[in-house]
Amino acid sequence: MAKTVFKKIIDGEIPANVVYEDDRCLAFLDVNPQAPIHFLVIPRTEIPSLASASDSDRELLGHLLLVAHNVAKEQGLSDGYRTVINIGEDGGQTVPHLHIHVLGGRRLSWPPG
Ligand code: AMP
């Protein structure tokens, strides 16, 4: 199977504006930001989507959410922000590597499109 763009970022094959990394995950700025602050949190391990996560990923999923919050705080999103996980075609997922979007820095509308 061809490497996803996120796997290439993990492997250092293409550049990314990394704002946080540890042994389990990476956070980097979205190349097509939908808000003044828009970054993605991804696991280093290749999980195609939330739909393919399993019980053994429980701890990792919790870690990703806490990293999303900690980086949002570091990025100055003290008035709030939004996390989004797109899943599959109807969910608007375009990169088949699980990722959490974190968006903030402006008032976000609801519901999303
Ligand atoms: P999704 O549509 O939920 O799968 O989100 C994929 C996101 O990845 C989109 O917001 C893209 O702008 C973003 N993206 C794609 N390629 C890159 C890249 N090379 N660096 C940073 N973000 C990217």
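Visitor: Which helix and which strand each supply at least two residues of the shell around the ligand?
Guide: Welcome! Keep in mind that this is a predicted model. Two elements each supply at least two residues of the shell: helix H1 (5-10) and strand S2 (25-29). Of the elements, the one that gives the most, with 3 residues, is H1.

Visitor: How many residues surround the ligand, and what classes does the shell have?
Guide: The closest residues are Asp30, Asn86, Thr94, His99 and His101, and 16 residues surround the ligand. Sorted by class, the shell has 8 nonpolar, 7 polar and 1 charged residues.

Visitor: How far is a polar side-chain atom of histidine 101 from an oxygen atom of the ligand?
Guide: A polar contact needs N or O atoms within 3.5 Å, so we can compare the distance with that cut-off. For the side chain of histidine 101, the distance to a ligand oxygen is 2.8 Å.

Visitor: What share of the ligand does the protein bury, and where does the ligand sit?
Guide: Taken alone, the ligand exposes 500 Å², and the protein buries 82% of that. As for its place, the ligand sits in the largest pocket.

Visitor: Which residues form the aromatic pair, and is the pair edge-to-face or stacked?
Guide: The structure holds 1 aromatic pair. Its partners are phenylalanine 6 and phenylalanine 28, with 5.5 Å centre to centre and 75 degrees between the planes. Planes over 60 degrees apart count as edge-to-face, so phenylalanine 6 and phenylalanine 28 are edge-to-face.

Visitor: How many residues apart are phenylalanine 6 and phenylalanine 28?
Guide: Phenylalanine 6 lies in helix H1 and phenylalanine 28 in strand S2. The pair links distant parts of the chain, with the two residues 22 residues apart.

Key:
Residues are numbered from 1 along each chain as its sequence is written. This is a predicted model: local features need pLDDT of at least 70, side-chain atom pairs count only at pLDDT 80 or more; totals for chains, interfaces and linings use all residues. Side-chain values use heavy atoms; hydrogens and water are left out. A residue is near a molecule or strand if one of its heavy atoms lies within 4 Å of it. A polar contact is a pair of N or O atoms within 3.5 Å; within protein, one must be able to donate a hydrogen and the other to accept it, and residues adjacent in sequence count only if both atoms are side-chain atoms. Accessible areas come from the Shrake-Rupley method with a 1.4 Å probe; for residues, only the protein chains shown count as cover. On a 1 Å grid over the protein atoms alone, a cavity is a set of points where a 1.4 Å probe fits but cannot get out, and a pocket is an open set with protein on both sides within 12 Å along at least five of seven lines; lining residues have an atom within 4 Å of a point. A molecule sits in a cavity or pocket if more than half of its atoms lie within 2 Å of its grid points. Helices (H or I, at least four residues) and strands (E, at least two) are DSSP runs, numbered from the N terminus. Ala, Val, Leu, Ile, Met, Phe, Trp, Tyr, Cys and Pro count as nonpolar, Asp, Glu, Lys and Arg as charged, and the others, Gly among them, as polar. Rings of Phe, Tyr and Trp (its six-membered ring) pair if their centres lie within 6.5 Å; planes under 30 degrees apart count as stacked, over 60 as edge-to-face and the rest as tilted.
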